Each structure stands twice: as structure tokens, then as C-alpha cells.
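Subject: Structure handover

Hello,

The structure is below, followed by notes on what was found in it. Please keep it open while you read.

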Amino acid sequence: MASEKPLAVVTCTAPVNIAVIKYWGKRDEELVLPINSSMSVTLHQDQLKTTTTAAISKDFTEDRVWLNGREEDVGQPRLQACLQEIRRLAQKRRNAWDGDLPPSSLSCKVHVASVNNFPTAAGLASSAAGYACLAYTLAHVYGVESDLSEVARRGSGSACRSLYGGFVEWQMGEQADGKDSVARQVAPESHWPELRVLILVVSAEKKLTGSTVGMQASVKTSPLLRFRAESVVPARMAEITRCIQERDFQGFAQLTMQDSNQFHATCLDTFPPISYLSHISWRIIHLVHRFNAHHGDTKVAYTFDAGPNAVIFTLEDTVADFVAAVRHAFPPGSNGDTFLKGLQVKPAPLPAELEAALAMEPTPGGIKYIIATQVGPGPQILDDPCSHLLGPDGLPKPAA
């Protein structure tokens, strides 16, 4: 017998976010409550996004999930935490409903397929985009309309920040149940149109120490981490908020670099030490500081998450010059024409005096490629049925 049409199918996309004031360490592992607040910038989905389709059907015999075409274990605790929380919220909403109810989807199983258009688990915040997209898609397929911070957070802490576009604060909260540990937008994506983001991909390999394991070790063994959370971050959160609101690039850039450096210092202060930066990461740090020193001004800022890839913030009028400096320091391999992806950047020659100021022996192939992007919006629903990743049978469509 042919299977019935699924009761509901929804496809959504969600963005990557990059923290400028970092989250590292939880005070509650199960509820994923952070030891400090954090601030992030949402990147544009034209360049980096997760797309997720969720389908509910009476014919499905079990919950199933596919990531980038491969079936994953649906029993993963974090996945289950999101799914159970959404179903709980849907049940709560159903119990409060007075009118005639449509056939219940709550007793049905769900199939979920998700794809990233960028490397997964390489320190490019794939889990943040992935779990934000999962929470957002499941909420729409189950008809849930509450704040999704808690659902996304249970999957991956920083995922709650990917529920909004622009500039986003994740408030650590005070309550033991985590109800006040939520994300909120500080400024929309349209607030700072000149801001640009360059992702310098050093390695797309999966990292050696996953974030969860790294955080647990740091919380247990790093006195610097505790000092940072209690004595440093609160003032930095207030200052970065001011910089964003006033579009003060100098202040924003310096604080972003300092916070990145301190985060990696806490990783080194962990015992045994954790190192996410590679020798290429360090060369990028030197390149940025020499570039700024040459201009006598903070024109560019770096930040590194738990991986070797650099995220560079700059303003539109500096992009071409900095890309020229990167090309000089890290000459592209055979992919010269595809070295720069994303937004168009006009090629610019490297001035001789800047080249001299950089004083860097080129490292060919040190950077695999650059993704040029900008600040972008939060999750989106895709209305076109052609965008569904699952076919009418509830299984992933073959890759085109």
C-alpha cells in the first residue's frame, strides 16, 4: 500500500554565529547553562547555513535523522533533549487549546534531514547552526510558538544565539532551571552595513578535542577560566554592547581580539593543556597586528573559536587590501581562482611599503580558502516544496 502523505513537512535554514565575547564552560551540563554571558555576530546565510527538513507521518515507525546524507544515531542525548522539549511544549500547547483540534501529530514519529553548506565540526560553529535549525524546524512542524532559546541550547549552547540575526547576547541567567538563560538580539543585521567578515579556513578537518570535552576539562582545572567568568566578562559584555550600538569599530575590534586571546589562554591554562591554534593561526595573528601597526589604526580584528580557522572582522573599505595581504602571506595553491568564495572582492595590488611592513616569509597553501561574508538575518522558512530534503516517502532525496 502506498504510504500516506506526511501530516506535515517544514524546511528551514539557520545561520552560523561567531562569538566575539566567548562562551566556554557550563555551570550545569544537563541544562547547558553557561558560566558567563556571551555576545555573537550572526553571519549571512548566503555564505554559511544549515538547511533542515522535518516531516511527521503516521507511517513512520521510528524517529530518524540524517546529517549531510548520512543517517545518524537518533538516540544521541542532545538530539533527544531537543526533540523531547519540543514535544513537551507541543503537548502543553495542545492541553491549553479549546477549539477543534487537527489530528494529533504528537503520537507520530518524525524524520529529520539536515545539510551544512560548510565544513562540519571544524570550528566553524556548525553545531550552533545545526541545533538552531533543528529547534526552529521542529517548532514549526509541531506548531510550537514559545522562545526556543532553551530548546536550541540543550542541543548546543551557542545554538541559542543562532535564533536571531545581527548581534546577539546570550544572557547566562541566574535561575537553577535555566529559564532566564536566553538569547536576545542587541542590534539587527541592518544596524552596521559596512561590517564585513572574512573566514580564513586553515583546516576543514575535525578538531582533536571537541568543545564539550574541552569545556569540561577547563571548568575542572583552570583557575583563569573562573577568574575570567567572574571578573572580566561582565565589563566586557557592557563595553562590546556599547561598541556595537555606537558602531565603534576600534573598540569592537580590540575587545574581540583580546577576548579571543584570553579564551585560548584559558585553554592553555587547562590541565593537560588544550591548543586549538595551529602555527598558521599564529601567523594570521601576526599578520593582523602588523597590518594594523602599518596603518597606525585598528583596521582588522581576528577571533578564533575552538579550532584553527580565523574569523576576521573589518570594514568594507579595508577588505580588498587585507585580502591582498593574506594572498601575499599565504599564496594560494592550485585553487587560485576559487581561493576567495562568497561576496565579491575587487582584486587590489599589495603596496610595497605594506609588504615590507608585514615582513613575512610566504607560507604557500597555509590558508585553504577565504569565505567573504557579512552580518545576516536569523532563521528562515523555505516555502518552495522543491527545497525539502526529504521526499514524499520521508527519506532523503538523492543528492542532485
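Two strands pair if DSSP finds at least two bridges between them. Helices (H or I, at least four residues) and strands (E, at least two) are DSSP runs, numbered from the N terminus.

Before the findings, a word on the source. This is a predicted model, in which local features need pLDDT of at least 70 and side-chain atom pairs count only at pLDDT 80 or more, while totals for chains, interfaces and linings use all residues. Residues are numbered from 1 along each chain as its sequence is written, and side-chain values use heavy atoms, with hydrogens and water left out.

Strands

Ile18 in strand E2 has Val41 of strand E5 as its bridge partner. E2 (residues 17-21) and E5 (residues 38-42) are paired in the antiparallel sense over four bridges. Five of the five residues of E2 are buried, so the strand is largely enclosed by the rest of the structure. Here buried means under 20% relative accessible area, exposed means over 50%, and partly exposed is in between (1.4 Å probe, protein chains only).

An open sheet is formed by six strands in the order E8-E7-E9-E6-E1-E17, with mixed pairing. Its edges are strand E8 (70-72) and strand E17 (380-381); each has a single partner strand, so one side of each is left without a neighbour in the sheet. Within this sheet, strand E1 (residues 8-15) pairs with strand E6 (residues 49-57) in the antiparallel sense over eight bridges. Ala14 stands opposite Thr50 of E6.

Helix H2 (residues 126-142) lies across E1, E6, strand E9 (109-116) and E17, and runs at about 30° to E6.

Arg64 is found in strand E7 (residues 64-67). This residue is partly exposed, with a relative accessible area of 23%. Leaving out residues up to four places away in sequence, Arg64 touches Glu71, Val74, Val110, His111, Val112 and Leu395; contact means heavy atoms within 4.5 Å. Arg64 and Leu395 are 331 residues apart along the chain, and their C-alpha atoms are separated by 9.3 Å.

Helix pairs

Two packed helices are described by the angle between their axes and the distance between the axes. Axes are lines fitted to C-alpha atoms, for helices over the stretch in contact, and angles run from 0 to 180 degrees between N-to-C directions.

The axes of helix H1 (residues 77-96) and H2 come within 10 Å and cross at roughly 30°. H1 and H2 are therefore roughly parallel to each other (under 35 degrees counts as roughly parallel, over 145 as roughly antiparallel, 65 to 115 as roughly perpendicular and the rest as oblique). H1 passes H2 in a right-handed crossing; a crossing is right-handed if the near helix is turned clockwise from the far one by less than a right angle, and left-handed if anticlockwise. On the H1 side the contact includes Arg78, Leu79 and Cys82, and on the H2 side Tyr131, Leu134 and Ala135 are among the residues involved. By class, the contact of H1 with H2 has 11 nonpolar, no polar and two charged residues (Ala, Val, Leu, Ile, Met, Phe, Trp, Tyr, Cys and Pro count as nonpolar, Asp, Glu, Lys and Arg as charged, and the others, Gly among them, as polar).

Helix H5 (residues 223-245) and helix H6 (residues 249-269) have axes that come within 10 Å and cross at roughly 165°. That makes H5 roughly antiparallel to H6. The crossing of H5 past H6 is left-handed. The contact of H5 with H6 divides into 10 nonpolar, five polar and five charged residues.

Helix H8 (residues 319-329) is mostly covered, as eight of its 11 residues are buried. Among them are Phe322, Val323 and His328.

Backbone points to check

Most residues other than glycine have a negative phi, and most peptide bonds are trans. The peptide bond from Phe271 to Pro272 is cis, with omega near -10°. Pro272 is in the loop between H6 and helix H7 (279-295).

Val32, in the loop between strand E3 (26-28) and strand E4 (33-34), has a positive phi near 55°. Val32 is buried, with a relative accessible area of 2%. Asn68, in the loop between E7 and E8, also has a positive phi, of about 50°. Asn68 is partly exposed, at a relative accessible area of 37%.

Regards
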